[in-house]
Amino acid sequence: MVVTGLGVISSIGTDRQAFARSLREGRCTVAPILSFPTEGYPYAHATEVQDLGVLQDDYDLLTPRLGRASAFAVLAARQAVADAGLDRAALERAQAGVVLGSTNGESQQIDSVVRRAMFDGAQAVPPGDWAGASAGRIAGAVAAELGLPGGGMVLATACAGSNYAIGAALDAIRDGEAEVMLCGGVDAVCRWTYSAFFRIGAVTPDVPRPFDRDRRGLLTGEGAGVLVLESREHALARGARIWAEVLGYATNCDARHMVAPDRDSVARCMRLAQADAGIAPQEVDYVSAHGTGTRANDVTESGAIRDVFGAHAPPVSSIKSMMGHTMGAANVMGALACLVGMDEDFLPPTIGFRTPDPECDIDCVPNQARPAHIRVAQNNGFGFGGNNAIVVLARHAQEACA
């Protein structure tokens, strides 16, 4: 299976080129929150999409009827389909569908509905507004806007959602349900998610510092990423540009604790993904880490990486240091980082790194992007509820497309 189209809406770039440039430059986008009133919080900042540039008019047309998360997803999907060189007729012939991961669904609509129900009573909220808060409507919006005959589905496996979505799309093509699938993830910054992380002490007062000894937590972010997947044969038959191969994936569930990751289970998921991809650990050149900047994640993930790779672990970095934790979109952002890194021969950095942590004994590509020829990349994703999902990507020989 291969990736033939990329689309991204993020705080560090609203197209592939800007996204790649920001990763290479180590751009940080932490700023005061604009999405909701922040009175009462001792500090309130996030990594919001505050500049859509040339896409602003399209966004303004979409949001009144779709909502912020759905608009992000549609804009990213349009980019991905255009990048893949597909039109509506080709999508229809391929029985194309869409699978997205999301932690919060149409979160700002949920905020609005709940606020009104609390103050005015549930009966004051029109039924259509309740329906508008459904996570499933995001994939439905993408399917409707692009005319996808295969329909859509949202997987709410928390912050591992978009790796689950990539795996589900991969299986749909493997099983002959479609020849082309769109997959990825989306979330928007909202009050209730920020408040939840704040209450459990997981929000940093300044910037996220994954794998740093003095890290103090994560920052919530937002955006959407979409990949176009298809079989290699289908892509070659239509002369498509191939970004990379999806060698395999794996999912498992810790099933032990609602929020604390389990090192053994995370390591097992990595091994399962590598087995599905048909590779040995030493063939992995780069790991795009989940790397949230919390002690629970960073120590557990670093330990699992050492368990799987031994003393010769590949470079590992977390782009959440630049763009925060985009929740259901986090894994597809990591996959996009792998793909542009492969294309432009660099490793994205972990910025804000100051002091090594002996419990995170890895090469986290500190502060500066690094030239590298990435042949195989592993994209890690973990979520609350014990959800783990790992995707393995590989460079594709472009001459095969000739």
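I200 sits in the loop that runs between helix α9 (191-199) and strand β7 (223-230); helices (H or I, at least four residues) and strands (E, at least two) are DSSP runs, numbered from the N terminus. The structure is a predicted model, in which local features need pLDDT of at least 70 and side-chain atom pairs count only at pLDDT 80 or more, while totals for chains, interfaces and linings use all residues. Residues are numbered from 1 along each chain as its sequence is written, and side-chain values use heavy atoms, with hydrogens and water left out.

Is I200 buried or exposed? I200 counts as exposed because its relative accessibility is 54%; buried means under 20% relative accessible area, exposed over 50%, and partly exposed in between (1.4 Å probe, protein chains only). Together with M258, V259 and F384, I200 makes a nonpolar surface patch of about 400 Å². Patches are made of residues with over 30% relative accessible area and no salt bridge, with like charges joined within 9 Å and nonpolar side chains (Val, Leu, Ile, Met, Phe, Trp, Tyr) within 5 Å. Accessible areas come from the Shrake-Rupley method with a 1.4 Å probe, and for residues only the protein chains shown count as cover.

The largest nonpolar core holds 49 residues, and F19, L23, L227 and L229 touch the most other members. Such a core is a set of buried Ala, Val, Leu, Ile, Met, Phe, Trp, Tyr and Cys residues joined through side-chain atoms within 4.5 Å. Helix α14 (residues 330-344) gives the most to this core, contributing nine residues. Leaving aside neighbours within four places in sequence, the contacts of L23 (heavy atoms within 4.5 Å) include I12, I319, A337 and F346. A second, separate core has 40 residues, among them A80, L91, A139 and V154.

Helix α5 (residues 107-120) has 14 residues and spans 20 Å from its first C-alpha to its last, close to the 20 Å expected at 1.5 Å a residue; the expected span is 1.5 Å times one less than the number of residues. In α5, S107, D111, V113 and A117 are buried, and their cover includes α6 (127-132) and α9. Just after α5, G121 takes a positive phi of about 95°. In helix α7 (residues 136-146), the buried residues are I138, A139, A141, V142, A143 and L146. These residues pack against elements including α2 (56-66), α3 (68-84) and β5 (152-155). Just after α7, G147 takes a positive phi of about 70°.

Charged residues complete the picture. Side chains of opposite charge can pair when their charged atoms come close. The structure holds 19 salt bridges, each being a side-chain nitrogen of Lys or Arg within 4 Å of a carboxyl oxygen of Asp or Glu. In one of them, E230 pairs with R238, the closest N and O atoms lying 2.7 Å apart. E230 counts as buried because its relative accessibility is 0%, whereas R238, at 29%, counts as partly exposed. R209 and D206 form another salt bridge, with the closest N and O atoms 3.9 Å apart. Here R209 is buried at 11% relative accessibility, and D206 is partly exposed at 30%. R256 bridges to D262, with 2.7 Å between the closest N and O atoms; R256 is exposed at 63%, but D262 is buried at 16%. Finally, salt bridges that share partners join R65, R78 and E145 into one network.
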